[in-house]
Amino acid sequence: MRSLKSVVLLVVLTSLLSCNKNKEAPQRETASQSSPSPPVPKFDGENAFKYLQKQVSFGPRNPGSAGYQRCLSFLQTEFRKFADTLILQRFPFRTARGEFYRGTNITAQFRRHDGPVILLTAHWDTRPWADQDTDPKNHDKPIPGANDGASGVALLLEMARIFSVNPPPFNIDIVLFDAEDAGETGKSESFALGSQFFASNLPDGIQYRFAINFDMIGDKNLEIRREANSDASAPALMDAVFSTAKILGFPQFIDERIAGIYDDHMPLNNAHIPAIDLIDFNYPDESNKYWHTMQDTPDKCSPESLHAVGTVILHLLYGQGTERL
């Protein structure tokens, strides 16, 4: 007999995917009519945390730095171990301070058949300037980027490893965006330059079903709420994420709405790809801020937080079935 958890997950995801397929005549299935869900792989938070630490060990990954180049090589090496195909998308950009660079978006493809693709995304660059640091002497220093940068990438590297051993029931592209964090505070569209370029140059012949962006999800005091832009663009997907987290008993997901944030999901939404942002912007809480400071270091992050987010997403992906897409 199927467990209550799998039945509820099945109902949530059936609603999400069938609504995307045919909004005028949504298909409904009962749990008894559908085939058994495939086993859900275990997400290893400790291994993901090692990926976080590895990135930080390269130093700041701001464009033009030695750490940036070392991390770029590392990411290519790791994804080549796991993915069916690796694609590098080069693009020119200028930072908010006028420096010119060539960025690199990294796409790792996991494909089982022709058809729609699910996007899982994060940014791999780090802020070139710790302009929110309480010490003005640090304002021109690049941040370590343990949570703001490395956490989302660490989660997706562990996902890639899992996908290579347990092929997912859907076609999946993992995309790591460059040049997310080189903007001017207060000017939203000066950020997410890699995502903007990707969204303006989508590959021909690919239908992206939806996207989930991961940013600042490694905080020890993780509290992910419903970001308003995500709720507006993909409410069914948000419902699925937070319902799954509740069923699995992860208190890190709090079913309350917060204000909209301009992040890498917004250019995707503007390109008509329903996209959500899983983010804890109050890092670590409302009274203390490590965002864009020199305090964004691995000791402020935890394997438990990465495990919570990764487990929820794996249950979403594997708890359905290939026939649903």
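Author: The account below begins with the sheet and then turns to the helices and the nonpolar residues.

The model is a predicted one, and it contains nine helices and eight strands. Six strands form an open sheet with mixed pairing, in the order E1-E2-E4-E3-E5-E8. At its edges are strand E1, residues 85-94, and strand E8, residues 275-279, each of which pairs on one side only. On average, and with direction ignored, neighbouring strands of the sheet are turned by 20 degrees against each other.

Within the sheet, strand E3 (residues 117-123) and strand E5 (residues 208-215) run parallel and are joined by five bridges. In general, the strands of a sheet pair through backbone hydrogen bonds, in either a parallel or an antiparallel manner.

Helix H3, residues 66-82, lies across E1, strand E2 (100-110) and strand E4 (171-177), and it runs at about 15 degrees to E2. Helix H7, residues 235-248, packs on the sheet and touches E5 and E8; the direction of H7 makes about 35 degrees with that of E8.

The nonpolar residues complete the picture. The largest nonpolar core has 70 residues, of which Leu120, Phe163, Ile174, Leu176, Phe214, Phe253 and Leu278 touch the most other members. Helix H4 supplies the largest share of this core, with eleven residues. A second, separate core, also of eleven residues, includes Phe198, Tyr208, Leu268 and Ile273. In soluble globular proteins, nonpolar side chains tend to be buried together.

Leaving aside residues up to four places away in sequence, its contacts are Leu120, Thr121, Ala122, Gly152, Leu155, Leu156, Leu278, Val309 and Ile313.

Helix H4 spans residues 146-165, 20 residues in total, and reaches 27 Å from its first C-alpha to its last, close to the 28 Å expected at 1.5 Å a residue. Because 17 of its 20 residues are buried, H4 is largely enclosed by the rest of the structure.

For the protein as a whole, 57% of the 325 residues count as buried. Among contacts with a separation of 6 or more, 78% are made by residues 24 or more positions apart. The accessible surface comes to about 13500 Å², and carbon and sulfur atoms account for 50% of it.

Conventions. Residues are numbered from 1 along each chain as its sequence is written. This is a predicted model: local features need pLDDT of at least 70, side-chain atom pairs count only at pLDDT 80 or more; totals for chains, interfaces and linings use all residues. Side-chain values use heavy atoms; hydrogens and water are left out. Two strands pair if DSSP finds at least two bridges between them. Helices (H or I, at least four residues) and strands (E, at least two) are DSSP runs, numbered from the N terminus. Axes are lines fitted to C-alpha atoms, for helices over the stretch in contact, and angles run from 0 to 180 degrees between N-to-C directions. Contact means heavy atoms within 4.5 Å. Buried means under 20% relative accessible area, exposed over 50%, partly exposed in between (1.4 Å probe, protein chains only). Accessible areas come from the Shrake-Rupley method with a 1.4 Å probe; for residues, only the protein chains shown count as cover. The expected span of a helix is 1.5 Å times one less than its number of residues. A nonpolar core is a set of buried Ala, Val, Leu, Ile, Met, Phe, Trp, Tyr and Cys residues joined through side-chain atoms within 4.5 Å.
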